[in-house]
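I opened the model and kept notes as I went. The entries follow the order in which I looked things up.

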Amino acid sequence: MKIQHQFSLQALNSFNINAVTPKIFFPASINELVELSHLHIEQYYVLGEGSNTLFCQQTAPVIIKPSIKGISVEQDEDYFYLSVGCAENWHDLVEYCIEHEIDGLENLALIPGSVGAAPVQNIGAYGVEVERFIDCVSWFDFAKQEVIEFSHNECQFGYRESIFKQQLKSSGVITHVHFKLPKVWQPVLSYQGLNELVPPVSASDVMLKVIQLRQSKLPDPKELANAGSFFKNPVVSATLFSDLQQQYPEMPHYPQKNGQVKLAAGWLIEKSGLKGYRIGDVGVHEKQALVLVNYHKASGQNIAELAHYIQKRVKQKFNILLNTEVRFIGEQGEVTCTEIGSQL
Ligand code: EPU
């Protein structure tokens, strides 16, 4: 198995943070994962393409970067079944599907990251969450030293949530994701921007429109280091929402099935006066306030400080605590933005 020591993670995270790990493992097969499990490493972080991770200290923990590749496709009369290695790039998979006339993933085009990371935070955009197409997930459990299948229901998907971020955190890695895509395509065109498409539309048309919409709002991490949405959209009680709505009738809001209401974190940040705010090398993007950017040589700590400042300002104005979508990784493993903030 490929292993590196004292390895800079700068090229492996989309915030371009120069954190150093004492050791990084690149297991590329189940056998190599078994080999790794024999080492009984206690403190580690599993890294995909680093597009949802903030290394908030100079030193990172031991890193495991699973490198299992491959796409296999089967079908029956009604469905395509895809089994995809965790290290495949997500957008490449979306393009592969559209080229092979396997429709469904087009709304999720251009989301940065790996296939293995997609179920962890149940990636979503333009009215679709990936869970819709996930049949099951193969998981290598380090303690049991074997692969376990998690059915769709067992994955406990929620808004940017799954069992892989909760109970299963730090106990194994996703090796493959198994998708089930209906052959009868049902386009999702409800989201603002996609409803401009004039029928008849193909999945390829939808994909191109999603790419265009994302490129118009979101900075390309290759040009301006960022990790997409930094905070989750907060879900608040109906009572808090109606109080706020009286003050801010124009506030974007999305009623949830359980009566709660999801608000737009980008809007809350903008209304707190922080859109385009910059301090040193870090800032709030000027077109989408939900995205924090590293203009040049910011440290992870600089970004964590800005995030904490945003949390404070939004809390003061709206009495809402924004939780991060991005995962904060310190020398000793995962921490929260609030924990980091209280140490500043
Ligand atoms: N808004 C503002 N100011 C801003 C940003 C947004 O007023 O600076 C308003 C918009 O005008 C709109 C509402 O907030 O009324 C929602 O904005 P948008 O449609 O851009 O989506 P979002 O809720 O900010 C979510 C996802 C994105 C995904 C888009 C499109 C989260 C945390 N983010 O953003 O996901 O691309 O919807 O579906 O749920 C990501 O996870 O990295 C990501 C980019």
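Which residues does Ile-310 touch, not counting residues up to four places away in sequence? I find Phe-231, Ile-269, Leu-274, Val-284, Leu-292 and Leu-322. Contact here means heavy atoms within 4.5 Å.

Ground rules. I am working on a predicted model, where local features need pLDDT of at least 70, side-chain atom pairs count only at pLDDT 80 or more, and totals for chains, interfaces and linings use all residues. Residues are numbered from 1 along each chain as its sequence is written, and side-chain values use heavy atoms, with hydrogens and water left out.

Entry: cores. I looked up the largest nonpolar core, which has 50 residues. A nonpolar core is a set of buried Ala, Val, Leu, Ile, Met, Phe, Trp, Tyr and Cys residues joined through side-chain atoms within 4.5 Å. Buried means under 20% relative accessible area, exposed over 50%, and partly exposed in between (1.4 Å probe, protein chains only). Leu-54, Phe-55, Phe-230, Ile-269 and Ile-310 touch the most other members. Helix H6 (residues 300–318) is the top contributor, giving seven residues. Helices (H or I, at least four residues) and strands (E, at least two) are DSSP runs, numbered from the N terminus. The core lies between domain 1 (2–64) and domain 3 (220–343), because both give residues to it. Those bounds come from an automatic or database domain assignment. I also noted a second, separate core of 45 residues, with Val-130, Phe-133, Cys-155 and Phe-157 among them.

Entry: the three-stranded sheet. I read the strand order as E14-E16-E15, open, with antiparallel pairing. Two strands pair if DSSP finds at least two bridges between them. E14 (235–236) and E15 (253–255) are at the edges with a single partner strand each, so one side of each has no neighbour in the sheet. Three bridges join E15 to E16 (residues 261–263). One of the bridge pairs is Pro-255 with Val-261. Helix H4 (residues 238–247) packs on this sheet and touches E14, E15 and E16. Its direction makes about 50 degrees with that of E16. Axes are lines fitted to C-alpha atoms, for helices over the stretch in contact, and angles run from 0 to 180 degrees between N-to-C directions.

Entry: cysteines. I count zero disulfides, each being a pair of cysteine sulfur atoms within 2.5 Å. For Cys-97, the closest cysteine sulfur is in Cys-136 at 16 Å, too far for a bond. Cys-97 is buried at 0% relative accessibility.
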